Amino acid sequence: MESHDLDLDHDSVYDGLLGGDPSQWAFGTDFEDPLAGVDTTIPAGVDGATLAAYCLMLGDDALVYAHRLSEWTSNAPDLEDDIALANIALDLLGQARLLLARAAAADAGVVPGLPEGSPVPAEDALAFFRDELAFRNVRFVEAVNGDFAVTIARLLLFATHRLALLQGLVPSVDPVLAAIAAKGVKEVTYHRDYAARWFVTLAQGTDESRRRLLAGLQTVWPTYAELFRCSDVEAVAARQAFGVDPRVLEPEVDAVVDHVLATSGLERPDLPPSGTRPLGREGQHTEAMGHLLAELQVVARAHPMGKW
Amino acid sequence: MTVQPEWPLYEIFVRGKRGLNHVHVGSLHAADDEMALRHARDVYTRRNEGVSIWAVRADLIVASSPDEKDPLFAPAGDKVYRHPTFYAIPDDVPHM
């Protein structure tokens, strides 16, 4: 720490936010650009179209789940958890933005056409102007929230899976994916921690909280296996060393989930997985997805020339 | 049906990136100490403010009473000689 800084912040922690521009105090200071200094050219040996398709999968997982989690805003059991879930949603939205922008950069063909002169950037066009069939997220993330216990059960499985996935992407040969993963690992580590703490708390809380958590686990469990199904795109991505084959993540994710279950005094649900193919990755979604997209997209679609 | 007791109140102190000391930023409810830290992280450091958090159960804080304001603090009001303002401070002494 430099000595001339020592006088700052003595009276209010918020003094440190002022930075060089007092009008920007509410936004904090010293933010880091996760892609600063990163080479954005597509590396040799990486197929641009496959890279784009792969980024859409990971980006859509984050975007759709962020939207679901954001539905808790003002509805969570406590104000503090309201903000916690909104923070998690915003972290995932940030990952989605970077991933969708990478998809557009890798293959401009994935971006939906907009009217001539539209100021809507590619990442927004992908989020707001794609139809349901073009979304590549797993069905796991599009399901309705249910109550808080269902949400915690789903968040635990999602965050445990995504943390393993992002850790696997840190050595990606695509420097942009590697940088996005390095940033995401820190975020999702907290998401997993948050979910695991609440999972154990609900499991060992009251009879009612345990009953609800068990019901939540049973609700989300059949679609959990979908997270480890390998689509054609992911297989190629793993072969070209910029992506991860989801099947290799299963033992690691299972071990963490089993640890949380054991700490909670719960068994794995004895339920068969629903389906055998990664249908969401192929654009085949459930009824819930249409409703979600309608709400997510309606305003942007009404203003294709809009500036946000 | 019994009334659910509220979670205990915690007072939150955050040390800013360039701050020397922890500063009181507000309060929140949490079921236990660990949850208080997590909630404080979520509520009070989400705009890149902090590098360290203290959480203290509000009922563990010993506070002076406003009724005692005069006997506690008024006597110091006219003791100007307690400030070391009658010395010439050399230019190269920082933080004075």
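Student: How many helices and how many strands does the secondary structure of chain A come to?

Tutor: In this predicted model, the secondary structure of chain A comes to nine helices and zero strands, and read along the sequence it follows the pattern α-α-α-α-α-α-α-α-α.

Student: What makes residues 148-169 of chain A count as a helix?

Tutor: A helix has to be a DSSP run of at least four residues, and residues 148-169 of chain A are listed as helix H4, so this stretch carries the name of helix under that rule.

Student: How are helix H4 and helix H8 of chain A packed?

Tutor: Two packed helices are described by the angle between their axes and the distance between the axes. For H4 and H8 (residues 250-264) of chain A, the angle is about 145 degrees and the axes are 9 Å apart, while the crossing is right-handed. On the side of H4(A), the contact is made by A:Leu156, A:Leu157, A:Thr160, A:His161 and A:Ala164, and on the side of H8(A) by A:Glu252, A:Val253, A:Val256, A:Val257 and A:Val260.

Student: How do you know what confidence the predictor has in chain B?

Tutor: On the predictor's confidence scale from 0 to 100, chain B averages a pLDDT of 86, and 95% of the residues score at least 70.

Key. Residues numbered from 1 in each chain as written. Chains lettered and ligands numbered in written order. Predicted model: local features only at pLDDT ≥ 70, side-chain atom pairs only at ≥ 80, totals over all residues. Helix = DSSP H or I, 4+ residues; strand = E, 2+ residues; numbered from the N terminus. Axes fitted to C-alpha atoms, helices over the stretch in contact; angles between N-to-C directions. Left-handed = near helix turned anticlockwise from the far one by under 90°. Contact = placed C-beta atoms within 7 Å.
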